[in-house]
Amino acid sequence: MLTKINVGPIHPSTHGVLRLVVTLDGDTIVNVEPHIGFLHRGVEKLVENRMYMQSESYMEKVDYAAPMAYSDLYVSAVEEAMGVHIKERAKYVRLILLELQRIASHLLWLGTFCNDLGQMFTMFMWTMKDRDLVMNLLQDATGSRMFYVNMRVGGVSMDLPPDFEEHAKSLLDYLEKRIKDYEAFLEKNPVFIERTKGVGVLSRKDAINLGVTGPVLRASGVNFDVRSAYTYYAYEKLNFMPQIQVKGDVFARYKVRILEMKESIRLIRDALKEMPEGDALGMPIKLISPPIKEKEVIVRRELPRGEGMMYMVTDKQKPYRLSIRAPAFINLSALNHMAQGAKYADLFAILGSLDLVMADVDR
Amino acid sequence: MVKLKISKNELIEKLNEAVKEGYNYLVKITAVDYIDHLEVIYFIRNIENKKEENIRLDIKDGERLPTIVNIFKAADFYERELSEMFGIEIEGRKVERLLLEKWDGLEAPLRKKFEWGADYKRD
Amino acid sequence: MDENERVQNARKEMEQLVADSLKSYKPPVGAFFTNLKEATKAIADGSIRWARKNSLWPMQFGLACCAMELMDFGSSRIDAERKGYLLFRGTPRQCDVMIVAGWVTKSVVPEIKRLYEQMSKPRYVIAYGECAVSGGPWWESYNIIQGIDQVLPVDVYVAGCPPKPENLFEALMKLQEKVGGKVEDKQE
């Protein structure tokens with residue numbers, strides 16, 4: 001006797017507007033069908049009528065939990081179309097700001113993931129406070145709290161202020177202590193361990209065939225990270241190592257993100273030591289329609305949610321076609337495979353561990 | 001970036017060969033609208049030695065694409081999005097709308113002949 | 001006879017003057033002890049308005065990027081609980097205010113209308129962020145409604161992209177003035 005349940009579009013536990021139609025047999029899940037498109041606004045069509053640098057602020061609103069990463073992806077595509085190399089110091093400045101953005105995004109994920117497991121806002125309050133401190137540091141460096149628009153062709157818009165290094169070092173010491181507290185709080189808790197170990201297992205072969213990316217792929221034992229495979233900025237000089245776990249369940253995905261936060265802290269410390277002197281400013285934004293040399297461009301970056309890719313066909317003043325590969329879109333399509341045979345209460349643990357942002361799923 | 005331009009009938013053969021050589025990860029399926037024909041591009045990747053390849057083919061209005069869901073399971077969502085955004089029909093499986101589910105009157109918005117902004121009115 | 005007529009005319013005039021002046025006399029609103037029925041009505045109205053305006057419970061309706069600032073508004077740095085806006089509730093039956101944050105597409109509009117009709121009266125709506133005020137940067141898109149006030153009656157508009165959480169504080173304080181009776185409030 002099969003029953004169908006509707007997990008409606010507006011729900012406290014789906015991150016955004018997502019509708020799931022769940023078919024149950026008693027308490028076991030038989031089929032999960034996601035219905036999306038409630039936040040679709042046609043970004044790929046809007047960009048075709050704007051000049052190049054005018055659509056940088058559109059790209060930031062595609063993933064609003066880590067806006068600087070998408071803006072960096074788009075401006076790199078324009079730079080490669082123009083044939084411009086960025087300055088040495090700008091590579092390190094961009095790396096520091098992007099790793100800070102990654103820490104902020106993973107802290108937000110940790111708070112809402114523990115909300116889904118029923119912890120009722122305890123971890124949420126702690127991690128949102130830490131995220132607020134990281135956003136203050138980013139506000140010192142760029143001037144704005146949430147939508148930065150600070151990437152320019154050839155560099156950044158403002159160099160780091162003179163007292164950035166002391167503030168960053170004291171904040172990183174504080175964050176290290178807090179991450180140890182979070183681990184001790186969660187990993188010795190028998191309820192958390194029961195709810196996450198052995199739940200939603202994804203094997204290595206299935207992960208590659210289903211096309212998932214990011215921490216979901218690395219938690220199933222696949223050694224693939226864009227920062228080390230198609231390396232960019234200064235990751236190779238700073239000896240970046242991807243973090244991998246083998247089991248493939250919800251606990252492994254949680255562990256990969258905690259280890260990535262620790263690796264980001266180490267990268268920022270090393271980059272602050274080794275940063276060269278010089279000039280990091282890029283071209284001013286009034287240069288709205290730059291001279292274009294290449295016809296087709298492909299760029300890849302490692303966003304906090306996975307691997308993002310842009311394929312752009314250029315015209316003289318506006319892009320002719322911009323095709324965005326969003327990581328959350330393809331991660332959501334693996335939900336049906338992972339949730340077969342699990343209990344109904346496990347569905348939200350699995351959904352929370354995929355780290356979805358719904359505006360990324362329906363651009 | 002290696003470019004291969006093939007015809008529509010060789011698609012499934014080429015993809016099976018590529019899977020045997022080790023290209024087992026599908027990155028994206030996308031399309032570009034040049035006004036007299038459409039170009040469909042498949043991006044595939046080899047996870048072991050990190051190489052990428054594109055496979056391109058040309059399609060005119062009204063032709064159908066074969067489905068590749070049996071080779072890569074990741075092609076499910078990509079084919080649904082392609083068929084509703086560009087108006088390409090896919091044969092071999094039943095394709096439902098993904099992003100524009102409730103608006104049956106909206107056809108192929110990413111084509112160049114779709115006049116966007118035509119709905120905008122404010123008093 | 002002339003004297004009697006004159007006296008009677010004067011008496012009639014006096015009575016008419018007294019009747020006229022009694023007609024145009026209204027007791028002042030804030031004055032107690034003129035009319036017990038009106039006094040109790042004023043006290044009860046005032047205290048109900050005081051209780052309502054100091055405990056507005058918002059309903060979470062974060063659709064998009066402005067929902068990040070709503071989360072920040074409810075957490076411990078910019079505390080929303082100290083003014084009475086308690087934790088955001090999930091069910092619309094217990095809520096007074098609906099804060100619409102994020103862009104509204106044509107697919108979501110039936111859900112919004114259903115939730116708005118489920119809220120119990122008196123109910124208020126705040127449009128938070130540029131996308132809910134007028135469509136925002138997506139005003140030319142084929143799938144977007146240009147502002148939530150084409151669907152629902154809005155009380156307070158907050159501009160910004162995204163507005164800082166302190167702006168939401170000021171918007172809720174202006175809504176408190178409206179609930180408290182200083183500005184005219186049309187509820188059916």
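A salt bridge joins A:R145 to C:D72, with the closest N and O atoms 2.4 Å apart; the term denotes a side-chain nitrogen of Lys or Arg within 4 Å of a carboxyl oxygen of Asp or Glu. The model is predicted, with local features needing pLDDT of at least 70 and side-chain atom pairs counting only at pLDDT 80 or more, whereas totals for chains, interfaces and linings use all residues. Residues are numbered from 1 along each chain as its sequence is written, chains are lettered from A in the order in which they are written, and side-chain values use heavy atoms, without hydrogens and water.

Between chain C and chain A, 3 salt bridges are counted. Chain C contributes 31 residues to the contact and chain A 32 residues (heavy atoms within 4.5 Å). About 3,000 Å² is buried between the two chains, 68% of it from carbon and sulfur atoms; buried area is the accessible area (1.4 Å probe) lost by two parts on being put together, summed over both.

In chain B, helix α2 (residues 75-86) has 12 residues and spans 16 Å from first to last C-alpha, close to the 16 Å expected at 1.5 Å a residue (1.5 Å times one less than the number of residues). Helices are DSSP runs of H or I with at least four residues, numbered from the N terminus. Of the 12 residues in α2(B), 11 are buried (under 20% relative accessible area, 1.4 Å probe, protein chains only), among them B:F77, B:Y78 and B:F86. B:G87, with a positive phi near 75°, follows α2(B).

Notes. Helices (H or I, at least four residues) and strands (E, at least two) are DSSP runs, numbered from the N terminus. Buried means under 20% relative accessible area, exposed over 50%, partly exposed in between (1.4 Å probe, protein chains only).
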